[in-house]
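Below is a walk through one protein model, taken a region at a time. Please keep the sequence and the 3D view open while reading.

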Amino acid sequence: MIDISFLDYPFMRSALLMGLVLGALFSLVGIFIVTRGMAFFSDFVAHSAILGGALALIANIDSTFFLVLYSLLIAFAVSSVWDRFQLSKDTVLGIFYGGTVAGGIILISAKGLGWQSLTGLLFGDILLIRPVDLLLSTGLLVLFVLFLGLNLKGLVKSTFLPEISTAEGARVRLYDYALISITAVTISLSIKVIGVLLANAMVVIPAATAKLLSRNFRQFMVIAPLSGVASFTGGIILSFYFNVPSGPSVIATAFGIFLLSLVFK
């Protein structure tokens, strides 16, 4: 008989609900991040949150809202730099990546932040999840689904045929900024579950798994959320039973599903 005693704990119920929402959200965002070759951007946003998280801990302010604002600010800062100056995206991301991570580590060392707070920031801690986190994540998922419903054809075309879309007058730049915003906010909301070090993996792995198993884009859109939800919920449950941080557990589950997809492929 399957043991579901973990549902007796309120924090586990909250974490599993958060996992359902984030699993779907990460996977849908990841579809376009992977196909557009933006994985390094999402990795940068995740790791730059070390600085944002350190600032929130030092100022003793609500990390959820602060990280959302911080992630949006840093994401648009780098996008404005590569738009205005003759530097490639990878170069700009590499520069800001090093600067923000170094700044965060310096603050953490100088201020002597507690090990528990630091571990939660780096690897996630489901005990930190609050109703407002679930509410914001659900709201973002609903907004993104509505955005996809209204713009899917143009978004897909600008993803696979950007030059043609631009020539036809499509809102390619708008789609770019929309994805940048949604990616930044999604990662900032997920930090309490999977931490800053591994957040980017959940953008990439479920989408890559779905890409292996899909024969067309419609299947891609269905399999990716299923993979993401299975990774989050399975990882959270495993973290409860094996008493390990939720972030590594979620990523390990996603990696296991990916390896299985290689076998089936």
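The lining of the largest pocket divides by class into nine nonpolar, six charged and four polar residues. The model is a predicted one, and the pocket found in it holds about 480 Å³ of space. Its lining is made up of 19 residues, and those closest to the centre are Arg36, Met38, Trp82, Lys89 and Asp176. Several helices take part: α2, α3, α4 (89–111), α6 and α8 each give two or more residues to the lining. Helix α8 supplies the largest share, with five residues. As for how such a space is found, rolling a probe the size of a water molecule over the atoms shows where empty space is left.

Aromatic rings are the next topic. A search of the whole structure gives 13 aromatic pairs. Elsewhere, ring pairs join Tyr9, Phe11, Phe240 and Tyr241 into a cluster.

What does Ser79 touch, leaving out residues up to four places away in sequence? The contacts of Ser79 are Tyr177 and Ile180. Ser79 itself sits in helix α3 (residues 63–84). Its relative accessibility is 1%, so Ser79 counts as buried; the cut-off for that term is under 20%.

Two loop residues remain. Asn60 has a positive phi of about 55°, although this residue is not a glycine. Where is Asn60 placed? Asn60 lies in the loop between α2 (39–59) and α3. With a relative accessible area of 71%, Asn60 is exposed, since exposed means over 50%.

Asn243 also has a positive phi, near 55°, in a residue other than glycine. Asn243 is found in the loop between α9 (217–242) and α10 (246–264). Is Asn243 buried or exposed? At 70% relative accessibility, Asn243 counts as exposed.

How values were computed:
Residues are numbered from 1 along each chain as its sequence is written. This is a predicted model: local features need pLDDT of at least 70, side-chain atom pairs count only at pLDDT 80 or more; totals for chains, interfaces and linings use all residues. Side-chain values use heavy atoms; hydrogens and water are left out. Rings of Phe, Tyr and Trp (its six-membered ring) pair if their centres lie within 6.5 Å; planes under 30 degrees apart count as stacked, over 60 as edge-to-face and the rest as tilted. Helices (H or I, at least four residues) and strands (E, at least two) are DSSP runs, numbered from the N terminus. Buried means under 20% relative accessible area, exposed over 50%, partly exposed in between (1.4 Å probe, protein chains only). Contact means heavy atoms within 4.5 Å. On a 1 Å grid over the protein atoms alone, a cavity is a set of points where a 1.4 Å probe fits but cannot get out, and a pocket is an open set with protein on both sides within 12 Å along at least five of seven lines; lining residues have an atom within 4 Å of a point. Grid points are joined across faces, edges and corners, and a volume is the space filled by probe spheres set on the points. Ala, Val, Leu, Ile, Met, Phe, Trp, Tyr, Cys and Pro count as nonpolar, Asp, Glu, Lys and Arg as charged, and the others, Gly among them, as polar.
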